[in-house]
Amino acid sequence: MEDKSSYRDTNLSNRDLSELDLMNCDLSGANLNGSRISGYALSTCRLENTNLDHIKLDKETWLSVIQTIRKIWEGPEIWNRSKVPRFSIVLTQANFSSGLFEQMDFSDLSFIACNFNKARFIRSNLNDTSFNGSLMTAITIQSMEITRTSFQRTILRQSHWENVLVSDAKLNEAQLEDSRFSKVTFTNTSFNDANLENAHFEACTFIDCLFFGTNNTHVVYHKCTFSNSDLENGNITGLRID
């Protein structure tokens with residue numbers, strides 16, 4: 001699911017690309033105008049500012065998926081206007097790495113095994129959004145409220161969370177090593193079997209949270225408060241609360 005090669009800013013127009021292995025490639029800024037291409041392979045590529053005019057997909061069933069990915073990259077004005085409220089959308093293995101998602105409405109979307117490494121989410125709507133099984137290393141989540149969001153089995157190492165209200169969320173089996181949390185309130189959130197090793201929580205609040213089987217090895221909780229949230233249900237070797 002990691003980017004394996006790059007055709008960034010490359011002219012690939014009017015070619016038959018159907019036999020070229022483009023899975024997980026970076027096609028940012030590339031020109032694919034009029035080219036023939038595998039819809040599945042294209043759906044896994046990074047498509048920021050990619051020219052997809054008049055492309056010929058091997059299967060037209062991929063057209064709506066590609067159009068959805070394209071609109072997300074066009075930013076909040078285009079995406080939010082086109083999104084149908086409370087309509088579920090599922091994207092699998094799409095590549096949004098290093099994207100800036102500010103004031104985006106991602107509610108009710110399911111991003112399954114997608115690549116969001118180094119992406120930034122700022123003041124966006126992630127209510128009822130699923131990122132299960134996705135790559136989200138070194139992401140930023142800042143200045144928002146998120147409810148019923150699922151990060152189960154998600155790679156969130158070195159992520160940064162700041163000024164966030166999290167409620168009814170699932171972080172079960174998430175990989176959160178070396179992550180930083182500042183002024184985050186977690187309510188009714190599950191960290192069961194998550195790996196928090198070396199994470200740092202600053203001025204955070206935990207209310208009715210679950211930590212069964214959680215790895216809290218060498219985690220620092222500084223100036224944090226806990227209500228009905230028991231850290232001792234997991235591994236607490238080297239844990240520090242001050």
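Mentor: Happy to! Let's start with Arg-157, which counts as partly exposed at 33% relative accessibility. This is a predicted model, in which local features need pLDDT of at least 70 and side-chain atom pairs count only at pLDDT 80 or more, while totals for chains, interfaces and linings use all residues. Residues are numbered from 1 along each chain as its sequence is written, and side-chain values use heavy atoms, with hydrogens and water left out.

Trainee: Why is Arg-157 called partly exposed?

Mentor: Buried means under 20% relative accessible area, exposed means over 50%, and partly exposed is in between (1.4 Å probe, protein chains only). Arg-157 has 33%, so it counts as partly exposed.

Trainee: What makes Arg-157 and Glu-177 a salt bridge?

Mentor: A salt bridge needs a side-chain nitrogen of Lys or Arg within 4 Å of a carboxyl oxygen of Asp or Glu. The N to O distance here is 3.2 Å, so the pair qualifies. Glu-177 lies in the loop between β8 and β9 and Arg-157 in the loop between β7 and β8, so the bridge ties together parts that are 20 residues apart in sequence. (Strands are DSSP runs of E, at least two residues; helices are runs of H or I, at least four; both are numbered from the N terminus.) Glu-177 itself is buried, with a relative accessible area of 12%.

Trainee: How many salt bridges does a search of the whole structure find?

Mentor: The search finds 8. One of them joins Asp-26 and Arg-8 at 2.9 Å, N to O. Both residues sit in the segment before β1 (36–37), 18 residues apart. Asp-26 counts as buried at 7%, whereas Arg-8 is partly exposed at 43%. Asp-242 and Arg-240 form another salt bridge, their closest N and O atoms being 2.9 Å apart. Asp-242 is partly exposed at 42%, and Arg-240 is partly exposed at 45%.

Trainee: What makes β3 and β5 a pair?

Mentor: Two strands pair if DSSP finds at least two bridges between them. Here 4 bridges join β3 to β5 (residues 109–112), so they pair, and they run parallel. Val-90 stands opposite Ser-110 in β5.

Trainee: Which residues have the most contacts inside the largest nonpolar core?

Mentor: Phe-121, Trp-161 and Phe-201 do, in a core of 66 residues. Such a core is a set of buried Ala, Val, Leu, Ile, Met, Phe, Trp, Tyr and Cys residues joined through side-chain atoms within 4.5 Å.
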